[in-house]
Amino acid sequence: MSNPFSYSEYSQIIHCIKKQHNIIDYSEVNVDTKRFAVIRHDVEFSVERAYNLAKLENTLQINTSYMFQIRNNAYNLFSNENIRMVREINGMGHKIGLHVHLGMLDSLAEINQYIVHDSKVMESFLQIPIDRFSFHRPPKELLKMNVKLEGLINSYEDRFFEFREEEDGFESLQIKYISDSRHTWNYGYPDEKTIKADSKIQFLFHPYSWTEYGYENSLNFQSLKDEKVTIFTNTVKTECNHFSEPSQ
Ligand SMILES: [Zn+2]
């Protein structure tokens, strides 16, 4: 048995999905598609972890969608280093999209312009086509809106996602949603039985949750913090020569 959220567990999950489904791109799904598995990654805290997961997926011979934020406070997507990694992820064959942080949105009525604006900014910095987006912590009203935009795929569109009120339960959904949100499997663990049971599935895996070794929630955050401290320290060291740490 491999550690939870280790690359070995991730590889097992992907093998399991591949056994039952063709993993296809969001752009290949239409209303008549009878059977599909699509995979997306919402990148919350660490471009480095997204980059490493993309490399793992490359060895597993799959292509997926990586959705990045441009308004979060944990990483700057437009740093030289991050642009280089995102371009490399794209070069492996993965698609790049916008993970829409709603922080600066005044009203849902302006959501279309907000998404178009942010995806254009992203495209201009990265010089990569941005043709898709996913919402970060979407309120119910937003999911119900089923936003459709010219040239931009919404991963919560009704082709890929079935909105259901919680009180109505999540049984008998036509499109299964499997997600590792909050480092847990609230919609069911993606084992063979679960994957086999549904003909249409959207998977959401958060790269920050997955590491080579694999950690439970609090240790995962600890290891993420340690990585970030190392990156910050190296950045400061590179930028200036008066960097110093207190002697122990
Ligand atoms: Zn998110």
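Visitor: Is Tyr-213 buried or exposed?

Guide: Please keep in mind that this is a predicted model. The class follows from the relative accessible area, for which exposed means over 50%. Tyr-213 has a relative accessibility of 53%, so this residue counts as exposed.

Visitor: How are the ring planes of Tyr-213 and Tyr-215 arranged, edge-to-face, stacked or tilted?

Guide: Tyr-215 has a relative accessible area of 23% and is therefore partly exposed. The ring centres of Tyr-213 and Tyr-215 lie 5.3 Å apart, and a pair requires centres within 6.5 Å. Their planes stand at 45°, so the arrangement of this pair is tilted.

Visitor: What distance separates the C-alpha atoms of Lys-225 and Phe-45?

Guide: Lys-225 is placed in helix H7, and its relative accessibility of 54% makes this lysine exposed. Along the chain, Lys-225 and Phe-45 are 180 residues apart, yet the separation of their C-alpha atoms is 9.9 Å.

Visitor: Which residues are the protein donors of the zinc ion, and how are they spaced?

Guide: The protein donors lie 2.0 to 2.2 Å from the zinc ion, and they are Glu-44 through OE, His-99 through NE2 and His-136 through ND1. Along the chain, the spacing of these donors is E-x54-H-x36-H.

Visitor: How many residues apart in sequence are the parts tied together by Glu-44 and His-99?

Guide: Both Glu-44 and His-99 are buried. Glu-44 is found in the loop between E1 and H2 while His-99 is in strand E3, so the two tie together parts of the chain whose separation in sequence is 55 residues.

Visitor: How many disulfides does a search of the whole structure find?

Guide: A disulfide is a covalent bond between the sulfur atoms of two cysteines. Among the cysteines, Cys-16 counts as buried at 12% relative accessibility, whereas Cys-240 is partly exposed at 21%. The number of disulfides found in the whole structure is 0.

Visitor: What is the radius of gyration of the protein chain, and what does the globule rule give?

Guide: The protein chain contains 7 helices and 7 strands, and along the sequence they follow the pattern α-β-α-β-α-β-α-β-α-β-β-α-β-α. The chain is as compact as a globular protein of its length, because the globule rule gives 18 Å for 248 residues and the radius of gyration is close to that, at 19 Å.

Visitor: What share of the residues in the protein chain is buried?

Guide: The protein chain exposes about 13200 Å², and carbon and sulfur atoms supply 49% of that area. As for the residues themselves, of the 248 in the protein chain, the buried share is 49%.

Note on methods. Residues are numbered from 1 along each chain as its sequence is written. This is a predicted model: local features need pLDDT of at least 70, side-chain atom pairs count only at pLDDT 80 or more; totals for chains, interfaces and linings use all residues. Side-chain values use heavy atoms; hydrogens and water are left out. Rings of Phe, Tyr and Trp (its six-membered ring) pair if their centres lie within 6.5 Å; planes under 30 degrees apart count as stacked, over 60 as edge-to-face and the rest as tilted. Buried means under 20% relative accessible area, exposed over 50%, partly exposed in between (1.4 Å probe, protein chains only). Donors are N, O and S atoms within 2.8 Å of the metal (3.2 Å for Na, K and Ca); water is not among the atoms, so sites may look incomplete. Helices (H or I, at least four residues) and strands (E, at least two) are DSSP runs, numbered from the N terminus. The radius of gyration is taken over C-alpha atoms; the globule rule is 2.2 Å times the number of residues to the power 0.38. Accessible areas come from the Shrake-Rupley method with a 1.4 Å probe; for residues, only the protein chains shown count as cover. A disulfide is a pair of cysteine sulfur atoms within 2.5 Å.
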